[in-house]
Amino acid sequence: MSVVLVRVDQRLLHGQVVEGWVPSLKVDGVVVADDKTAGDPISTIALTAACPAKVKLSVLTLADAAAASACGALPGKRTLVLVGTVAALDRIWSAGLRAEQVNVGNVPVAEGRARVTNSVALSADEVKVLDRIADGGVPVEVRAVPKERATDLAAVHTAVGRGSA
């Protein structure tokens, strides 16, 4: 089992993930790691319906996803982990979950965040989280879909340094 990508996207599992990321990454397992969603049976049913039939889906709390990763119990041989926020990424990474790559795909504009791309706005503290992960040797990128050109952390620093929210 290998976590090929952790993706930050407030929408979690949706069309761009199902139609773009799942086939591009050739994953056979998807984990939605989100405390609120894991506690909501209706959301879990909806996510199960949205997930491709040949892909194993687990909806777990952040702590349970990190624990499952530690003991090799995540679904699939090639797994995509979805989290809703950079703070959730920080929690799950700090708890020991690791991936080959991190992607930031959708973080809404909010006070204290600067727009990095059309679909991502980040605060200085969120960029620090991404820097810590990248400093550990894991590639970190910003892009909505696999066919889009990735924005690297240098460009993220430039955008956040400008403070254009």
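**View 1. Packing of helices α4 and α5 in a predicted model**. Helix α4 (residues 62-70) packs against helix α5 (residues 86-94) at an angle of about 40°, and their axes lie 9 Å apart. Because angles under 35 degrees count as roughly parallel, over 145 as roughly antiparallel, 65 to 115 as roughly perpendicular and the rest as oblique, α4 is oblique to α5. Leu62, Ala65 and Ala66 of α4 meet Ala88, Arg91 and Ile92 of α5, where contact means heavy atoms within 4.5 Å. By class, this contact has 5 nonpolar, no polar and 1 charged residues; Ala, Val, Leu, Ile, Met, Phe, Trp, Tyr, Cys and Pro count as nonpolar, Asp, Glu, Lys and Arg as charged, and the others, Gly among them, as polar.

The model is predicted, so local features need pLDDT of at least 70 and side-chain atom pairs count only at pLDDT 80 or more, whereas totals for chains, interfaces and linings use all residues. Residues are numbered from 1 along each chain as its sequence is written, and side-chain values use heavy atoms, with hydrogens and water left out.

**View 2. Surroundings of Thr117**. Thr117 is found in the loop between β6 (114-115) and β7 (121-122). Thr117 is buried, with a relative accessible area of 15% (buried means under 20%, exposed over 50%, partly exposed in between, with a 1.4 Å probe and protein chains only). Leaving aside neighbours within four places in sequence, Thr117 is in contact with Val142 and Thr151.

**View 3. The largest nonpolar core**. This core has 37 residues, and its largest share, 5 residues, comes from α5. Val6, Val81, Val83, Leu89, Ile92 and Leu122 have the most contacts inside it.

Notes. Axes are lines fitted to C-alpha atoms, for helices over the stretch in contact, and angles run from 0 to 180 degrees between N-to-C directions. Helices (H or I, at least four residues) and strands (E, at least two) are DSSP runs, numbered from the N terminus. A nonpolar core is a set of buried Ala, Val, Leu, Ile, Met, Phe, Trp, Tyr and Cys residues joined through side-chain atoms within 4.5 Å.
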